[in-house]
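Subject: Structure for your review

Dear colleague,

Please find below the structure that I am handing over to you. I would be grateful if you could look through it alongside the notes that follow.

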Amino acid sequence: MSHEIYIFGSSVRGEVSPTSDIDVLVIPIAGARTDYPASWSVYSPEVIKDYFQAGRLFAWHLHLEAQRIFPLEGTSFLTQLGKPAPYSSARSDIADLEHILKDSLLEIRAGSNNLIYELGISYTAIRDIAMAASWMLLEKPSFSRYIPYALPVVCPLPIDAYCGAMLARHQTTRGATYPFDLEAVTNQLITAPILNWVDNLKDVIWPTHS
Amino acid sequence: MANSFMNKVVAERRVLSIVNVHFHGRTQLSGLSKPAIELWQRTVGIQASNDIVAMLIVLAELCQSLSDRSHESFKPLNPDVDRSLEVGLVTLENAVQQFRLKN
């Protein structure tokens, strides 16, 4: 078996809560075929190289956070890759995420039967928009789940509602059922001027955006 | 970056909508991850051997294949994902309706 195993995400940042899990990345080095847990992120070395060369935000996430836990000796594959190319697709990434967020909010306002799913999608879009924006707005990009509240343009969604939507996402992805006030989170999500916040972010990052 | 995620969300939404027209509130299917499907099974009392569960797992894999490239090293890319998804959705709808008629 020839692979490298890393951990990244909230555990590496020390952001631990009862709903935390461990983000695991596996890079099979010698093309070894092994069944890994479905929740682990398994990427071939070629795909990781592509991501680093393209300067994808995920590459920066790994470059800044990933800690190799196996093997313990020798220079890691990610270290050998060096720094990723500069992240240059923020405008299109934020546009795509804004689209996802708008669709999700529309579904929620229309009384979707998939309410928990849509709350989680809204959370994911808000978080990822903020992560992309952090590249331009902070000294270095942040991948904290709370980054929407650490930007110069703060997210207007009350943080309790944001955390409730995060728990909805955890139910979607992990089957975890931590209680939260579904009605209150839904109402706050559809009344907060979140799309205005996205526009404000774009105005700050690209003052002449259209 | 998010285009593939968007495709996955659109597909997952379609799958969930078929199930959740019949299951609301606490019994809604909240996602297509294995833990979410298992949670839903337990909540509504559907056996793991039920055809609905098997179809959800197949559809979940199809939706996932629309998204990022994790795990793709070891799985053959499915060139007929869209067609398989459409067929799967129809089959799922029939199975869910049958289940509701009997329960």
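In which helix of chain A is A:Asn196 found? The answer is helix H9, which covers residues 194–205. Please keep in mind that this is a predicted model; its scores are ipTM 0.91 and pTM 0.92.

A:Asn196 is partly exposed, because its relative accessible area is 47%, which falls between the 20% limit for buried and the 50% limit for exposed residues. The C-alpha atom of A:Asn196 is separated by 20 Å from that of A:Cys163, a residue 33 positions away along the chain.

Other sites in chain A

A:Thr186 belongs to helix H8, residues 182–191 of chain A. Its relative accessible area is 10%, so A:Thr186 is buried. The side chain of A:Thr186 comes to 2.7 Å from the backbone oxygen of A:Leu182. Beyond the neighbours within four places in sequence, A:Thr186 has contacts with A:Ile108, A:Leu115 and A:Leu119.

A:Ser10 sits in helix H1, residues 10–13 of chain A. Is A:Ser10 buried or exposed? A:Ser10 is buried, because its relative accessible area is 4%. Its side chain forms a polar contact with the side chain of A:Arg145, at 3.4 Å. When neighbours within four places in sequence are set aside, the residues in contact with A:Ser10 are A:Glu15, A:Ser20, A:Asp21, A:Asp23 and A:Arg145.

A:Pro71 is located in the loop between strand S4 (67–70) and helix H4 (77–81) of chain A.

Chain B

Chain B contains four helices and zero strands, and its pattern along the sequence is α-α-α-α. It has 103 residues, of which 46% are buried. Among contacts in chain B with a separation of 6 or more, 54% are between residues 24 or more positions apart. The chain exposes about 5,600 Å², with 52% of that area supplied by carbon and sulfur atoms. The average pLDDT of chain B is 87, and 85% of the residues score at least 70.

Helix H3 of chain B runs over residues 51–65. How far apart are its end C-alpha atoms? They are 21 Å apart, which agrees with the 21 Å that its 15 residues should span at 1.5 Å a residue. An α-helix has 3.6 residues a turn, so residues three or four places apart point the same way.

The nonpolar cores

The largest nonpolar core has 74 residues. Those touching the most other members are A:Ile126, A:Leu157, A:Trp197, B:Ile52, B:Leu56 and B:Leu92. Helix H6 of chain A (residues 115–137) provides the largest share of this core, 14 residues. Another core, of 14 residues, lies apart from it and includes A:Tyr6, A:Leu25, A:Tyr51 and A:Ala59.

Not counting residues up to four places away in sequence, B:Leu56 touches B:Val15, B:Val19, B:Leu29, B:Leu32, B:Ile37, B:Trp40 and B:Leu92.

Yours sincerely

Notes: Residues numbered from 1 in each chain as written. Chains lettered and ligands numbered in written order. Predicted model: local features only at pLDDT ≥ 70, side-chain atom pairs only at ≥ 80, totals over all residues. Heavy atoms only, no water. Helix = DSSP H or I, 4+ residues; strand = E, 2+ residues; numbered from the N terminus. Buried < 20%, exposed > 50% of the residue type's maximum accessible area, 1.4 Å probe, protein only. Polar contact = N/O pair within 3.5 Å; in protein donor to acceptor, adjacent residues only side chain to side chain. Contact = heavy atoms within 4.5 Å. Expected span 1.5 Å × (residues − 1). Areas by Shrake-Rupley, 256 points an atom, 1.4 Å probe, with all protein chains shown as cover. Core = buried A, V, L, I, M, F, W, Y, C linked by side-chain atoms within 4.5 Å. pLDDT = per-residue confidence, 0-100.
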